[in-house]
Every structure is written in C-alpha cells, then in structure tokens.
Amino acid sequence: MIDARRLRTLQAVADHQTVTAAAAALYLTPSAVSQQIAALEQELGHKVLERDKRGMRVTGVGHILLRHASQVIAELERAEAEVAAYTSGDAGEVTVAAFATGIAVVLAPAITDLSRARPGLRIQVRDAEGDESLPMVLDGRADVAVAVEYRGAPSADDRLTRIPLYAEPFDAVLPLGHRLASTDTVAVAALADEPWIGPYPGNPCHDVMVLACEYAGFEPRLEHSSDDFRAVVALAAAGAGVALVPRSALRDTDLSHTAVRPVDDVVATRRVFAAVRRGAEEHPLLRPVLDALQRAAGTIPPSA
C-alpha cells in the first residue's frame, strides 16, 4: 500500500522542482525528502523522479501517481476536517433511545433546539419502550437513553450516569359514568375493587401502577393490557375498567368519553431521566444532547 505521506512528498518536489525547495516547504531536511522518494520508488518498482538540467523531472509513472494523489490527499483533508468537527462536537451522529412520550415531550424539542445550535449534529431516534433503552446504551446500540425510574426501583447500574429530566403525576382515567367521575381527586384505595387496564409487566408504568396499588393496600386486578396509552384510554371510555396514566401521555388523546382526575397519591409519579455510559457524559457530541434534553425538560409546566 502506498504511503500517503510519500505522495505528499512527491507533490511537493513536483511543485517546487528541487529537493531542497520541497524540503523547506514540508519542514523536512533534504535527506528526509530523498529518503521518502527512494522508499516510494522501492514500493512501486519504478522511478517517479529523474534529474535534468532544471532540477527534478516527474516520470510517466510519477505523473500517474500525481493524478491520483490529488484525489487521495483531498479525501484525507476532508477526513481530517470531519474528525476535527467530530472531536469538537460540531458534527457527528448520536443515537437516542426513548419511550414514545419522552420523544414527544423532550426529545423532539431538543432536536429542534440542536438543529439551530448544532446543525452538523445528527440525531438518530430509536423508540424503546419500558426498560429497553438502558440495555441499548450499555450494549452500544444507543448513545443516550431517555428512560423512566420509579419508587422502589432497583439500585442504579453503576455503569451508567443518570441526568434527571422531569417528574410527572399519574392521573386516574375513569369511564364517564363511574361513581368517582364527579370527584376532584381520586384515592387509589377507592379503586381496589375495579377491573384495571394497564401496561404489560416490564414497562416501568406497570410497576408504578402496581406499587401505587400496593401502597394503597391491594393488588390490582389487571384485566386488559396495552403499552399504548391511547388504547388504554379507549378501553376506559368503553367501560372496560380504570387506569393510571402519566399526565403527558394524555396529551392529544381523545378524552371526551372519560373522566380524568388527579390521583391523591405521591407514589403514582413517573420520573424521567437521561442516561449515558459512565464517563461519556462530557463527550463533545453527547454533552450538547444532554444539555438540550435538560433545556426541553425545563420548559415543561410543573403540573404537566
């Protein structure tokens, strides 16, 4: 394989016509330039330069190399520029794994923010429900996760750095004709005998629902399961049961056939955070993403 440094040396000699002038341009000694040219000729098995009365003359093989050298060196210059942009955080690609509501509430606004502030930074989004996003970060399939924690969650994995984003309450979603539909707030204990609608086990919102019911002294009778909160609301509207739904997940959802009431229970809270592999939080590409997520989270109203 031809050494690109030797191609640069050949270009310099062709441009300046003498070894001495090429050496001065390259900040090398004439001996070093001669050694580079000799090594190139040895690799090729052909002469690339010949001496004549005016200095050094490029041979036919040398001209072939120079035609390609211009393209090769231009590509190397572009590669160096991209690496410099990447290491400065000005350009590159970051993969973010997030659950659907997190995408809508903080990730999409963060992308809008970054498109203005960091136009060279490309964000690739992966929809990852439940706890899927954290293993994706640990496995290297994603750079950043937007995930959910909850009271009673297992201890944080020490391989991850977590950055809190926002917390939001769960609301009770009831059929319109429900006996508690006219109350200002709903106590979880008052729903002990109801059929329940909720996410599948493994989804952190399922665990928040179960934990809230356990604190209220009962185990919920889960009769209908879906990780799509629009489906959960539709089932509640049909009278199939009651549900606890994070408040932001109710945005842009048809609630006309349901009664949505705040829950009188601090346990029913969803806490959302960003996570990266420990040590990567100050990476020049990841830090702007984390900062943009925190800025987006800071615009969420306290009651959202």
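Predicted model: local features only at pLDDT ≥ 70, side-chain atom pairs only at ≥ 80, totals over all residues.
The partners are tryptophan 196 and phenylalanine 218, whose centres are 6.3 Å apart and whose planes make an angle of 40°, a tilted arrangement. Because tryptophan 196 belongs to strand 7 (residues 195-198) while phenylalanine 218 sits in the loop between helix 7 and strand 8 (221-225), the pair ties together parts that are 22 residues apart in sequence.

Helix 7 (204-215) also takes part in the largest pocket, where it is one of the elements that give two or more residues to the lining, together with helix 5 (100-117) and helix 8 (229-237). The space in this pocket comes to about 410 Å³. Its lining has 21 residues, of which Ala100, Thr101, Phe229, Ser248 and Ala249 are the closest to the centre. Helix 5 gives the most to the lining, with 4 residues, and by class the lining residues divide into 9 nonpolar, 7 charged and 5 polar.

A further feature is the packing of helix 2 (residues 19-26) against helix 3 (residues 30-44), at an angle of about 100° and with the axes 8 Å apart. The two helices are therefore roughly perpendicular to each other. Helix 2 makes the contact through Val19, Thr20, Ala23 and Leu26, and helix 3 through Pro30, Val33 and Ser34; by class, this contact has 5 nonpolar and 2 polar residues, with no charged ones.

Terms used. Residues numbered from 1 in each chain as written. Heavy atoms only, no water. Axes fitted to C-alpha atoms, helices over the stretch in contact; angles between N-to-C directions. Parallel < 35°, antiparallel > 145°, perpendicular 65-115°, else oblique. Contact = heavy atoms within 4.5 Å. Nonpolar A, V, L, I, M, F, W, Y, C, P; charged D, E, K, R; others polar. 1 Å grid on protein atoms, 1.4 Å probe; cavity = no way out; pocket = protein on both sides within 12 Å on 5 of 7 lines; lining within 4 Å. Points joined across faces, edges and corners; volume = space filled by probe spheres on them. Phe/Tyr/Trp six-rings, centres within 6.5 Å; stacked < 30°, edge-to-face > 60°.
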